[in-house]
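Please open the structure in your viewer and keep the selection tool at hand. The stops below are meant to be followed in order.

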Amino acid sequence: MRIGIDLGGTKIAGVVMGAHAQIVAQQRVATPAGDYAATVDVIAHLALRLEAAAGASNLPIGVGTPGAISTLTGRMKNCNSTCLNGQPLLADLETRLGPRVRIANDADCMALSEAHGGAADGAETVFGVILGTGVGGGIVVRGQLLRGANAIAGEWGHNPLPWPQPGELPGPACYCGRSGCIETWLSGTGLAAEHRRLHGGSWRGEQIVFAAEDGDAAAEATLQRYEQRLARALASIINVLDPQVIVLGGGLSRLRRLYRNVPEQWKPWVFSDEVRTRLVAAQYGDATGVRGAAWLWPEAGEAAGAA
Ligand SMILES: [Zn+2]
């Protein structure tokens, strides 16, 4: 058995995963948003409560977080929950729980989860994408997470939107200091901002989707531009990584039309006469991150996870 914990912006979910990826126990608590010390405290208590529920102790623990651990300082970086940035989260959790904690980015956990029994089961190379408040990415090759030299493998959200079209430059300002990052176009907030720029109003992403389904022409046009941009952004990934499967997670991954329309529209940008890449939704939905966190530790006798 091993523990998976998913540290989200509003909630912290935890599971105990047993043999054959069965969920033995699960709990969730509210995230003490903006309070780092309380966040460490809540995660440590959650791990102990999960062990009690499973009747076990000293289980290995995987934690999915926003951002990544800096290879330079060992502290968190790139987190959109900014109270984590600069904090030694891994060291603080190991002080509380012992040397049995692994941390990975939430998009990495999603890709890992879906590569093991999920929507990308058995695929040699998987690119996992989170389309939510931000835009994250993770890469799993032959069941193993690709970390990279700087612990940012798959982080495509702050690359520029490729093959810019008229009106797309310099693009919206991004919190990272640059303009026109993929995240500024393809996150939920990016979608809403784009609609506001061209059509006014103050709709959130969800309202734009509902309006398009009701036949609103402006909302439909916004979603079509979104699909074209997602197609270009993913085509640039296909040209480099050539994954068998691209899995979408996060709020916008629930938009079913993406799986029909985006693969039609990425064809002109992919450097190949045919495109076999599959675009699929995360099979485990909201639970995929917490499952993937547990998969940071291999099942006994397997070589999954990551060192
Ligand atoms: Zn950026």
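What follows is a walk through the model, one selection at a time.

Before selecting anything, note that this is a predicted model, in which local features need pLDDT of at least 70 and side-chain atom pairs count only at pLDDT 80 or more, while totals for chains, interfaces and linings use all residues. Residues are numbered from 1 along each chain as its sequence is written, and side-chain values use heavy atoms, with hydrogens and water left out.

Begin by colouring the protein chain by pLDDT, which is the predictor's confidence in each residue, from 0 to 100. The mean over the protein chain is 94, and 97% of its residues reach 70 or more. Then select residues 303-307, where pLDDT stays under 50 and for which the model has 18 contacts beyond four places in sequence; contact here means heavy atoms within 4.5 Å. Where pLDDT is low, the predicted coordinates should not be read in detail.

Next, colour the two domains, whose bounds come from an automatic or database domain assignment: domain 1 covers 2-109 + 287-294, and domain 2 covers 122-282. Their C-alpha centres lie 27 Å apart, and 13 residues of domain 1 are in contact with 17 residues of domain 2.

Which residues coordinate the zinc ion? They are His158 through ND1, and Cys174, Cys176 and Cys181 through SG, at 2.1 to 2.3 Å. The angles among the 4 donor atoms run from 103 to 118 degrees, and the site is tetrahedral, a label given to four donors if all angles lie between 85 and 135 degrees. In sequence, the donor residues follow the spacing H-x15-C-x1-C-x4-C. Histidine 158 and cysteine 181 both lie in the loop between strand 10 (144-145) and helix 4 (182-186), so the pair ties together parts that are 23 residues apart in sequence. Helices (H or I, at least four residues) and strands (E, at least two) are DSSP runs, numbered from the N terminus.

Stay with these two and compare their surroundings, taking buried as under 20% relative accessible area, exposed as over 50% and partly exposed as in between (1.4 Å probe, protein chains only). Histidine 158 is partly exposed at 23%, whereas cysteine 181 is buried at 2%.

Move on to helix 8 (residues 257-266), whose buried residues are Arg257, Leu258, Tyr259, Val262, Pro263 and Trp266. Several elements cover these buried residues, among them helix 6 (205-213), helix 7, strand 11 (245-249) and strand 12 (278-281).

From there, select glutamate 227, which sits in helix 7 (residues 217-241). Is glutamate 227 buried or exposed? With a relative accessibility of 1%, glutamate 227 counts as buried. Apart from neighbours within four places in sequence, glutamate 227 is in contact with Arg257, Leu258, Asn261, Val262 and Gln265.

For the last stop, select threonine 125 in strand 8 (residues 125-131). Threonine 125 counts as buried, at 10% relative accessibility. Not counting residues up to four places away in sequence, threonine 125 touches Val140, Val141, Leu241, Pro243, Gln244 and Val245.

Key:
Donors are N, O and S atoms within 2.8 Å of the metal (3.2 Å for Na, K and Ca); water is not among the atoms, so sites may look incomplete. Four donors count as tetrahedral if all angles lie between 85 and 135 degrees; four count as square planar and six as octahedral if opposite donors are over 155 degrees apart and all others between 65 and 115; anything else is irregular.
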